[in-house]
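Please read the numbered points with the model at hand.

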Amino acid sequence: MKGAAAMGAVGLAGCSGGDGGDGGDGSGDVTVTIGGTSTGSSTQAAGQALARAASQHSDFLNISVQETQGWTANLYAYDSGDIPAMGVDNNSLSKALNEEGPFADDPVDTLPDQGFLFTSLQIHWVGLESSDVESVADLREGGYTIYPIQPGFGTRLLTEEILNEAGMWEPNEILNVDTGDIPGAVEEGRVDALCLYGANGVNLSGWCQEVDVRSGGGLNLLEVDDEFRSVIEDHPGAILEEIDPYGYEQEVTAYTDTMTTWSLAGQWAFSPDIPARATEEICRLAIEHEETLRESDPTTLEYSPEAMTQTVIPDIDIHAGVANFFEDNDVWDDSWSRGDE
């Protein structure tokens, strides 16, 4: 499962230039293309923030962000050689490693090296006031149209698993549309309840903000019972969080004043073909230029070397440049595996 995806025309631009733009060693500039999921997504925002930081604060690294179909889909795109770097969630990575979930019938041959944590997405239920959905118990009864996020997204994979385990998938009609289309579906009343998410307790993802704006003030958090909480707690890919609502322009607390989330961690991941100095530089930009990142993406994680290691899966190599950064900052664990340089 370890190894480099074949590099196609899209992806690592390689070491171009040769003018020593990284400080005069003659190795030239490096461009890294990151699969950043869809427009308006948290990953796209975080990737664009990294690109801005590289353009302003690196003397050799360029970052380009490519639109893709989601975290889970990124692993297939990488395996096909379409992207050399990506945002990806740990649930999808683990499923791909163990050939589980969608990867049971359609496995991938290669996995990227791991990078570092860049976001935690806090997925939660909201219902439309135009429907009579007030709680997750209503959804167990069924008969509603629900939106469990765009197919191909890592957040969709985890949500689909949670809803299946909670008995909410089969009794309801599933609306499968892209995130760019769901605000219109909400505005037109074509959905009764949907799953949205915010990033790092700061703000909703861009497409979720659009849902909020176009709902006409008709959204409310759904009441969550102990049975649903237990499903989240028992799922190895999810983290149960109960927090104060954030990010909404409207009041969403008619049924509950708590946002109960199944949170999903996302990390940057890289082909071994990307030079170690490039990924080490990406780590440096995250740590040293968080203010620049935040100017571009207000939901930027509060970075620390220790926090960046929280997505490490011991059975998958860590990119050599990221490993260098972890070692230099005294957060490396000898049980982890270093990727090839």
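1. In this predicted model, strand β6 (residues 145–147) pairs with β8 in the parallel sense, over two bridges.

2. Leu-194 of β8 has Val-126 opposite it.

3. How many residues of strand β8 (residues 193–199) are buried? Seven of the seven are, so the strand is largely enclosed by the rest of the structure. The burial holds for both directions in which its residues point: Ala-193, Cys-195, Tyr-197 and Ala-199 point one way, Leu-194, Leu-196 and Gly-198 the other way, and all are buried.

4. Strand β9 (residues 203–204) pairs with β8 in the antiparallel sense through two bridges. Gly-198 has Leu-204 in β9 as its bridge partner. Three residues lie between the strands of this hairpin, in which Asn-200 takes a positive phi near 60 degrees.

5. Helix α8 (residues 206–214) has Trp-207, Cys-208, Val-211 and Asp-212 among its buried residues. These cover an arc of only 150 degrees around the axis, which means that they lie on the same side of α8. The cover over the buried residues of α8 includes the strands β6, β8, β9 and β10 (219–221), as well as α7 (182–187).

Technical notes:
Residues are numbered from 1 along each chain as its sequence is written. This is a predicted model: local features need pLDDT of at least 70, side-chain atom pairs count only at pLDDT 80 or more; totals for chains, interfaces and linings use all residues. Side-chain values use heavy atoms; hydrogens and water are left out. Buried means under 20% relative accessible area, exposed over 50%, partly exposed in between (1.4 Å probe, protein chains only). Helices (H or I, at least four residues) and strands (E, at least two) are DSSP runs, numbered from the N terminus. Two strands pair if DSSP finds at least two bridges between them. The arc is that of the directions from the helix axis to the C-beta atoms. Contact means heavy atoms within 4.5 Å.
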